[in-house]
Each structure stands twice: as structure tokens, then as C-alpha cells.
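Welcome! Open the structure in your viewer and get ready to select a few side chains along the way.

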Amino acid sequence: MTTALSCPTQTRLYSGGQVIEQNFGYGDLAAHLRDDPDAVAWLDLLEPTAADLATVGAEYGLHPLAIEDALAAHERPKLDRYPDHLFVNVYAVAVPHAEEKPHKVEISAFVTKRVLITVHKDEGDVEKLANRWDQDPELAASGGINFLLYGLFDVVVDSQYDAARRIDEAMDTIEDAMLGEGGAPRPVRMHGFALRRTLAQLRRAVAPMEDVVAEILRPDGDLVDDSLRPYYRDVEDHAERALESIEHSLTRITELLDADLNEQSNILNDITRKLAAWAAIIAVPTALTGYFGQNLPYPGYQQPWGFVQSTVLIVVLATTLYFYLKKRGWL
């Protein structure tokens, strides 16, 4: 007798590309598959316990290492092959605002001959996955489990591509703000750093996806038939475009931050040069007054015209130095 699971589940049973049963208990899944030899099923587990996965693993021959990976958090995106099934780990992502940390939903999947078992390690929009499968019943009729896996990849890659596009659009605004004369204000610069951090986190989820899909399409494999191969190629292309967009945005924001740093350095150099110039101007009267202030006889010593002479020298030399530095661009 099948043991009940403690975690929330969602189920669907497909036959001929049509949903013939859904939202039934896990205990009924095996019976449905026995009753209809042509049927395939989807079983979704939300944050299952080790005992839950052990029960499912015993029922459908899941490898212990794959179960261990499904229980572990923050596994890298990958596809592993086992004798009786595949194990896939991917991330659906969402970026509500460009500067915010991306919301990543880690999804592990066991691809058996007749059941696609997905493990959501966080709350996710499972309805998007079901809606994607419902959009193309004709393809579902010919695809079986491979169609369900294609739908999962399509939803995940589309979420990644949408996130990359959203950030790319946000780059236009921040670029205009950071390229202003005099360097970017601190809030704009901090926004740029937050955007770069978001892109780096997003890249870790997106970068391996192209290889994961390519592994499914390996010429020596028999996972994908000719009817589904173009669709997997399309997913692979979207994964490539999403990564290219993220790489482009990373390069773009890094160059903007570097340009802003150079502009800040130029401004600092300009200020330092001006301070040095003013120090040189101030040094002239300081030197002259220091000299004439000594108790030594000099032309005009203790005479009114001597004071006038020293004042004229201060003004003339300081003014000459000012215009010289001004001409050199130091002031």
C-alpha cells in the first residue's frame, strides 16, 4: 500500500495529450498509471521531507544521490543521468525591480519513463507550468514525458530571459544618470553596484542552462524525438540569448562604474591641482612679507614708500602667477 506524503502535492494525469485526472492524492497515482498503460503523470512536491522523497524514491526507483541533491538547497543547475531516470536541477527567476535581489525558485525534477516528478524547494508559481502544458495539446499528445520536460524548461528559460530583458531596459536609465558631467551622485552609483550584484546572481542561475538543454539534445541520446527536437532547440536558443543579454549588461554596468571612477579621479586631480595653484599664489605674499618683516635694513626700511613697494610686489607677482596658472588650466 502506498504511503501518504506529508508535503503539499499537485498531480496531473495525461493520456493522449489530454488531462484526464488532476489534483488526486499521491496514493492514487500508481493505480491510475496501472489502469491506463499509455498515460503519463506529473507529480509536484513542495518542500518535501527526506521521508517523503524516500517514499517516492522507493516507488519509482529514484537514485539515492539524486534524492540527496533534491533535498539539498542551492544546487547548481545541472542534468545527471542515472540508469532508470534523469535528474535535473534548474532555477526559475523573477526580478520585480532591477536593483532588487532576484527571486529564484529552485526546481529539481526526476524524469522517469512515465512520471515527471518536480520538487519545488521554495514557493513558486506552479500555475505557469500547468498553463504552458495546456497551451499546446497537440504537441502534448505526441510528446509524453518529454513534452512535460520541455514545458518545464520553456517556463524556466522564459523567466530567465524576461529577467535579463527587464534589467537590460533598466540599464538605459542608469546609463544616462551615470554619464552626467562631474560623475554620478552617490545614490546613482550605489544603484549601479546593486544592479551589478543582481546580474551576477542571475548569471549563476542562467549560465549552465544552455548546457543542460544541450545535454538533452545529445545525438547519442534517445530522449527527444523529431517532433520535439525543434522545440528544445528553441529553448536552447532562448537560454543562449538570455545569457548573452546578462553578459552584455554585466559588461555595460562594469564599464559605466569604471568610467564613473575615472571621472571621480579626474575631478579629484583637478581639485588637487587647483589647491596646489592657490598654495603657490599664497606663497608669494607669504615669502615677501616674511622677508620684509625681518629686522634687517632693506630699500624703504621703516619708510612709507617701502611699504608701498612691498605691497606692489605682492600684488604684481601674485597676479602674474594667477594668470599664468589660469592659462595652464590649473585654475
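Predicted model: local features only at pLDDT ≥ 70, side-chain atom pairs only at ≥ 80, totals over all residues.

**Stop 1: Lys-78.** Select Lys-78 to begin. Its relative accessibility is 9%, so Lys-78 falls under the 20% cut-off and is buried.

**Stop 2: Asp-69.** What does Asp-69 form with Lys-78? The two form a salt bridge, and their closest N and O atoms are 2.8 Å apart. Is Asp-69 buried or exposed? With a relative accessible area of 13%, Asp-69 is buried.

**Stop 3: Asp-80.** Keep Lys-78 in view and select Asp-80. These side chains also meet in a salt bridge, at 3.3 Å from N to O. Asp-80 is buried, and so is Lys-78.

**Stop 4: the network.** Together, Asp-69, Glu-75, Lys-78 and Asp-80 are linked in a network of salt bridges.

**Stop 5: Arg-81 and Glu-215.** Next, select Arg-81 and Glu-215. Their side chains meet in a salt bridge, 2.9 Å from N to O. Where does each partner lie? Arg-81 belongs to strand β4 (residues 78-81) and Glu-215 to helix α8 (residues 209-216), so this pair ties together parts that are 134 residues apart in sequence. Arg-81 is partly exposed, its relative accessible area being 34%.

**Last stop: the whole structure.** Zoom out to finish. How many salt bridges does a search of the whole structure find? The search finds 14, including the one between Arg-81 and Glu-215.

Technical notes
Residues numbered from 1 in each chain as written. Heavy atoms only, no water. Salt bridge = Lys/Arg side-chain N within 4 Å of Asp/Glu carboxyl O. Buried < 20%, exposed > 50% of the residue type's maximum accessible area, 1.4 Å probe, protein only. Helix = DSSP H or I, 4+ residues; strand = E, 2+ residues; numbered from the N terminus.
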